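Here is a short briefing on one protein chain. It covers an annotated site and the nonpolar core.

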Amino acid sequence: MFKRHRKLRKNEVIRNLVKDVYIAKEDLIYPIFIEEGENIKNEIPSMPGIFRYSIDRLSEELDELVKLGINSILLFGIPKNKDACATEAYNENGVIQNAVRFIKEKYDNFLVICDICCCEYTSHGHCGILDENGYVKNDETLEVLAKTALSYARAGADIVAPSDMMDGRVEKISKALAENRFENIPIMAYSVKYSSAFYGPFRDAADSAPQFGDRKSYQMNFQYSKDAIDEVAEDLRQGADIIIVKPAMAYLDVIKKVSDKFEIPIVAYSVSGEYSMVKAAAQKGWIDEMKIVMEQMYAMKRAGANAIITYYAKEVAKFLENSEN
Ligand code: PBG
């Protein structure tokens, strides 16, 4: 006799009875691009519906998030001035530092997560300090990352999220935080971050494309599968509290592997290219946008993600509000 799997799929009540994958608004983290300057609200051409805001117009976005019940935000900065050493990244009056102070003064609901990286702040667009051959110097870059983390903490950041992929950054940052009495700020580390073409639209959005070469000497190689667990274990050892896996959809196997191995919070980052592909197909009328988006959200949760960073957070929150989860 064969097993009749269809018995548990017969109607919605029984399907809902046995289901075990859930998503809630609390799981969503919304990325926001903040540009230095005044009166800016510019849509990113390759990411319809996503804007860069200057601080004086940021409330337009934040008020909407409050209404939708989205409380976690991930900030990226676009400074006016860039240089070879990313000095604007740790300017106490830099765009992110000012934005965090603004948000903390005006709102009391937001969990403010600050991405830490040099690529938006360097003139060459790489994620660190270069040597004369254009190679990113690891240990020199750590100093910049730690100073940046500390300046975000001083501004009032709730969480810092290093995305640079330098070795030893978690330890360096957690030491710098602890030495300055910010020992209670969690580190959400991009421990598993592949060198990916899915970041393409983000580099438009954040003005952070490398001026030459690529990021393959620091971001992970998707043709090699053995270092994901090792990266996570090492970041945990160095003091990471939450782990990000990125991109998401093409890397569900990695999310699953990490979640099987470690009892820690895992965040899936559904990156810019994933957003743009679905948006474009939706604008063409080729797919049912929200059905596709929700299916992807459940896939990430099923793989083991606790939370999801997604440019679709607002649409997902609206969808959840209007339907039974
Ligand atoms: C900064 C950073 C990037 C993303 C997040 N942090 C770009 C990159 O590494 O090139 C990509 C996010 C996205 O594509 O949505 N290093």
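The points below are grouped by topic. The model is a predicted one. An unreviewed UniProt entry annotates Ser-272 and Tyr-311 as "binding site".

**Ser-272**
- Ser-272 sits in helix 9, which covers residues 272–283.
- Ser-272 counts as buried because 24 C-beta neighbours fall inside 10 Å, and the cut-off is 20 or more.
- Beyond four places in sequence, Ser-272 is in contact with Met-47, Tyr-199, Gly-200, Pro-201, Phe-202, Ala-205 and Tyr-311.

**Tyr-311**
- Tyr-311 lies in a loop, between strand 12 (307–310) and helix 11 (313–322).
- Tyr-311 has 24 C-beta neighbours inside 10 Å, so Tyr-311 counts as buried.
- Leaving out residues up to four places away in sequence, Tyr-311 touches Pro-31, Met-47, Ile-50, Ser-272 and Tyr-275.
- Met-47 is a contact of Ser-272 and also of Tyr-311.

**Nonpolar core**
- In soluble globular proteins, nonpolar side chains tend to be buried together.
- The largest nonpolar core here holds 99 residues.
- Ile-29, Leu-75, Cys-114, Ala-149, Val-160, Val-245 and Val-267 touch the most other members of that core.
- Helix 4 (residues 138–155) gives this core its largest share, 9 residues.
- Val-245 touches Val-192, Tyr-251, Val-254, Ile-255, Val-258, Ile-266 and Ala-268, with residues up to four places away in sequence not counted.

Notes. Residues numbered from 1 in each chain as written. Predicted model: local features only at pLDDT ≥ 70, side-chain atom pairs only at ≥ 80, totals over all residues. UniProt positions renumbered as here; feature names shortened; annotations may be inferred. Helix = DSSP H or I, 4+ residues; strand = E, 2+ residues; numbered from the N terminus. Buried ≥ 20, exposed ≤ 12 C-beta atoms within 10 Å, placed from the backbone. Contact = placed C-beta atoms within 7 Å. Core = buried A, V, L, I, M, F, W, Y, C linked by C-beta atoms within 7 Å.
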